[in-house]
Amino acid sequence: MNFKRTIFTSTLVIGALSMANAQEKTKPEETEVYTPVPKIIEAKALSTPAPSDAIILFDGKDLSKWVMTNNRDQAAQWTVANNEFTVNKKSGNIETKQAFLNYQLHIEWRVPANIKGKGQGRGNSGLFLASIGKGDDGYELQILDSYKNDTYTNGQAASIYKQFVPLANPTNKPGEWNSYDVIWTAPTFNDDKSVKTPARVTVLFNGVLVQDNTILKGPTQYIGDPSYRKAHGASPIKLQSHGDPSEPLSFRNVWLREL
């Protein structure tokens, strides 16, 4: 018997079991926070026309600027009607064909008036400011029906999901439009792929400042703490088809200015 090999193998097994046990002990709830609770204020969506130098990401007619996230060779499968487009919960996330670094983005979103459910199961989607992989890989600005709908505050509308609570809650009631105006500064990386400068974001929600040059800890992490695990450059912008059973959201008037 090779005792050295046996000891080495046993050590690997014990290490693997320890890691598995650690993952089992880590729960999504461990990164949910409930204070501070953002002040509820009244504000109306800003339906801002695109300036002359903007890239029009949705013109009210089609999703020709978008593709399926998990298969970028496939055209976006969400529904377009009445100058807006609506999440298709069976098809999955969509993202822009084009990749971006730093930008100014305008997007309007609405949950239907007949929305049902509560918490994270009520009008849930996400605006990924940089999509860095399939699924939900990227940096998420939360979209949620946060009108009289309690949840963890770093998971409500306009939060940097599981990282930063918004400064206020100006969410309009279901059936009414909301707007996000975003200034995104992408992270940069050194030659050894370590972080040179972290990502930063400023967000106005219905014209109200809710993220003020916020420095992100890394891409969104549903379980555990976020960190910059991989270097990347210009990235698409992604919209989430969330798996909750509530009625799907709609979007309109999406445009971007590269900075």
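Which residues does W184 touch, not counting residues up to four places away in sequence?

Mentor: This is a predicted model, and W184 has contacts with L101, N102, Y103, L129, A130, Y139, A199, R200, V201 and L216, leaving aside residues up to four places away in sequence. W184 also belongs to the largest nonpolar core, which has 48 residues. Together with L127, Y180, V182 and F251, W184 is among the residues that touch the most other members of that core. The strand that gives the most to this core is β8, residues 103–110, with four residues. In soluble globular proteins, nonpolar side chains tend to be buried together.

E140 lies in strand β10, which covers residues 138–143. E140 is buried but has no salt bridge. The nearest side chain of opposite charge is K238, 9.0 Å away.

As for confidence, the protein chain has an average pLDDT of 92, and 90% of the residues score at least 70. Residues 1–23 stay under 50, and the model has one contact beyond four places in sequence for them. Where pLDDT is low, the predicted coordinates should not be read in detail.

Terms used:
Residues numbered from 1 in each chain as written. Predicted model: local features only at pLDDT ≥ 70, side-chain atom pairs only at ≥ 80, totals over all residues. Heavy atoms only, no water. pLDDT = per-residue confidence, 0-100. Contact = heavy atoms within 4.5 Å. Helix = DSSP H or I, 4+ residues; strand = E, 2+ residues; numbered from the N terminus. Buried < 20%, exposed > 50% of the residue type's maximum accessible area, 1.4 Å probe, protein only. Lys, Arg positive; Asp, Glu negative; His and termini not counted. Salt bridge = Lys/Arg side-chain N within 4 Å of Asp/Glu carboxyl O. Core = buried A, V, L, I, M, F, W, Y, C linked by side-chain atoms within 4.5 Å.
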